[in-house]
Amino acid sequence: MRRYAAGAAIFRAGSPPAGMFGLVEGQWSLQTPPSDVMISVQGVGRWAGEAAAMRRQSTMISIHALTACRVLHLSQSDFEIVIRDPECCRTIAALTAEGLGEAVIVVSNLVQPNGELRVAQRLLTFVGLYGDDRRVFTDISQADLATMCGLSRQTLNKVLMAFQEAGVITTAYRRLEILDLEALQRIAYRPLP
């Protein structure tokens with residue numbers, strides 16, 4: 001078990017494979033090079049590093065502790081032992097597929113023409129693709145969220161205000177809470193005219 005202070009790098013893009021990292025407590029952010037643009041925020045129960053470990057190649061993203069974190073680390077040498085077991089290998093493949101699924105959602109989200117849909121779909125990725133029940137997100141600035149949604153801060157602020165007025169979310173300084181998940185899902189997946 002490793003502990004990371006808020007802001008600390010768990011691993012950086014271009015690092016050699018170092019096994020798998022499982023988030024036990026806190027939140028971390030995924031960032032892409034070269035400027036470390038934040039692309040996602042994840043909470044307890046998420047794993048990272050398995051793609052680089054499986055390929056035995058450098059990591060493609062950076063992960064930083066967004067809040068103080070406790071992280072379970074499975075070293076590369078232990079990872080090599082674990083993947084000899086077919087069931088363990090299948091589980092790791094499922095984790096990798098989950099990450100790929102989130103990446104597809106993020107990319108498809110950026111081509112949505114409607115700002116409300118972009119924000120709603122992005123917030124749903126924070127809740128989790130597979131039933132994760134997180135509803136409160138801290139230490140995400142509006143500038144970071146705007147970047148993740150491909151929107152200006154002004155446009156994001158308008159969308160967040162509309163969501164607040166509708167009772168879907170509430171916000172405070174570096175805090176966003178989803179109050180009505182079903183309403184957010186309706187916004188995210190409503191047909192466009």
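Are F11 and F21 buried or exposed? Both F11 and F21 are buried, a word used for under 20% relative accessible area, with exposed meaning over 50% and partly exposed in between (1.4 Å probe, protein chains only). This is a predicted model, in which local features need pLDDT of at least 70 and side-chain atom pairs count only at pLDDT 80 or more, while totals for chains, interfaces and linings use all residues. Residues are numbered from 1 along each chain as its sequence is written, and side-chain values use heavy atoms, with hydrogens and water left out.

**View 1. The aromatic pair of F11 and F21.** The structure holds one aromatic pair, meaning Phe, Tyr or Trp rings (for Trp the six-membered ring) with centres within 6.5 Å. F11 and F21 lie 5.3 Å apart, centre to centre, and their planes are 45 degrees apart, which is a tilted arrangement (under 30 degrees counts as stacked, over 60 as edge-to-face and the rest as tilted). F11 belongs to strand β2 (residues 9-11) and F21 to strand β3 (residues 20-25), ten residues apart; strands are DSSP runs of E with at least two residues, and helices are runs of H or I with at least four, numbered from the N terminus.

**View 2. Helix α4 packed with helix α5.** The axes of α4 and α5 (residues 142-149) are 10 Å apart, at an angle of about 105 degrees, which makes the two helices roughly perpendicular (65 to 115 degrees). Axes are lines fitted to C-alpha atoms over the stretch in contact, and angles run from 0 to 180 degrees between N-to-C directions. R118, V119, R122, L123 and F126 of α4 meet L145, M148 and C149 of α5, where contact means heavy atoms within 4.5 Å.

Technical notes:
Parallel < 35°, antiparallel > 145°, perpendicular 65-115°, else oblique.
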